[in-house]
Amino acid sequence: MPFLSDQNVYHAVKMSLEGSKNIRYAIIPIPITKECPRFILLPSVKKRKDIIFLDDIIRLCLNEIFFMFPHDSITAYTFKLIRDANLTVDDDISKSLLEKMEASLESRQHGEPVRLVYDHEMPEDLLEILTSKLKLKDFKILGSRRYHMMKYLMKFPVINPALEYDNPPPLYHPEIPYFLSIIQVIKEKDIFLNFLTIPSTMS
């Protein structure tokens, strides 16, 4: 099995052919980038904005992606992996603290899998293969909804600019002068900050 990053979301694919016991399985990374976002704005009729998940575009194109394999049934189920993110710093006195932190942060990307979150409609045989290859036990496996990594909703396309809030101008504290370290200020005395969100008026 290829290395699976916990920063990605994947499709687990199952292909089968009627009358054949040969079932094929595959994993497709969903390539979410700045150029290829999670939510795709489709050509729409006037006064409409139609949006589709990149996940679903891949599902619709499965036959074209796996055209070289004979099959009459092909399905894909989204899943994501969570890896051990414990931060450990070794005791090697020959290294600086910065070097130790860099090495530890790098190793976190390749930590042991600790949880699998998957589409609850995934077939048992496909789920068993994933968990077996990743060496996960039952208590580390969590069935969920069809879509995962919903942090990408923060980059949802703008449907109507009138529904967007303007970024408020920065406010400055009278006790924190320009170009002075805030740490130096709070070493000398306490600073009280009160945050109050006031929605802007929408036109």
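Start by selecting glutamate 175, which is partly exposed with a relative accessible area of 36%. (Buried means under 20% relative accessible area, exposed over 50%, and partly exposed in between, using a 1.4 Å probe and protein chains only.)

Before you click on: this is a predicted model, where local features need pLDDT of at least 70 and side-chain atom pairs count only at pLDDT 80 or more, while totals for chains, interfaces and linings use all residues. Residues are numbered from 1 along each chain as its sequence is written, and side-chain values use heavy atoms, with hydrogens and water left out.

**Stop 1**

Lysine 189 sits in the segment after α5 (182–188) and glutamate 175 in the loop between β7 and α5, so the pair ties together parts that are 14 residues apart in sequence. A salt bridge here is a side-chain nitrogen of Lys or Arg within 4 Å of a carboxyl oxygen of Asp or Glu, and the structure holds 5 of them. As for the labels, helices (H or I, at least four residues) and strands (E, at least two) are DSSP runs, numbered from the N terminus.

Next, pick arginine 59 and aspartate 56, whose side chains form a salt bridge at 2.8 Å, N to O. Both lie in helix α1 (residues 54–60), 3 residues apart, or about one turn of the helix. Arginine 59 and aspartate 56 are both buried.

For another salt bridge, select arginine 48 and aspartate 50, at 2.5 Å N to O. Here arginine 48 is partly exposed at 47%, and aspartate 50 is partly exposed at 21%.

**Stop 2: aromatic rings**

Show the rings: there are 7 aromatic pairs. Zoom in on phenylalanine 53 and tyrosine 147, a stacked pair at 4.0 Å centre to centre with 10° between the planes. The two come from distant parts of the chain, phenylalanine 53 from strand β4 (residues 50–53) and tyrosine 147 from the loop between β7 and α5, 94 residues apart. (Rings of Phe, Tyr and Trp, the last by its six-membered ring, pair if their centres lie within 6.5 Å; planes under 30 degrees apart count as stacked, over 60 as edge-to-face and the rest as tilted.) Phenylalanine 53 is buried at 16%, whereas tyrosine 147 is partly exposed at 23%.

**Stop 3**

Switch to cartoon and find the open sheet of 5 strands, in the order β2-β1-β5-β6-β7 with mixed pairing. β2 (24–29) and β7 (141–144) are the edges, each with a single partner strand, so one side of each has no neighbour in the sheet. Strands pair if DSSP finds at least two bridges between them. β6 (residues 113–119) and β7 pair in the parallel sense over 4 bridges; tyrosine 118 has glycine 143, in β7, as its bridge partner.

**Stop 4: helix α4**

Finally, select α4 (residues 124–134). Which of its residues are buried? Leu126, Leu127, Leu130, Thr131 and Leu134. Look away from that buried side and you'll find the exposed residues Glu124, Glu128, Ser132 and Lys133. Just after α4, lysine 135 takes a positive phi of about 60°.
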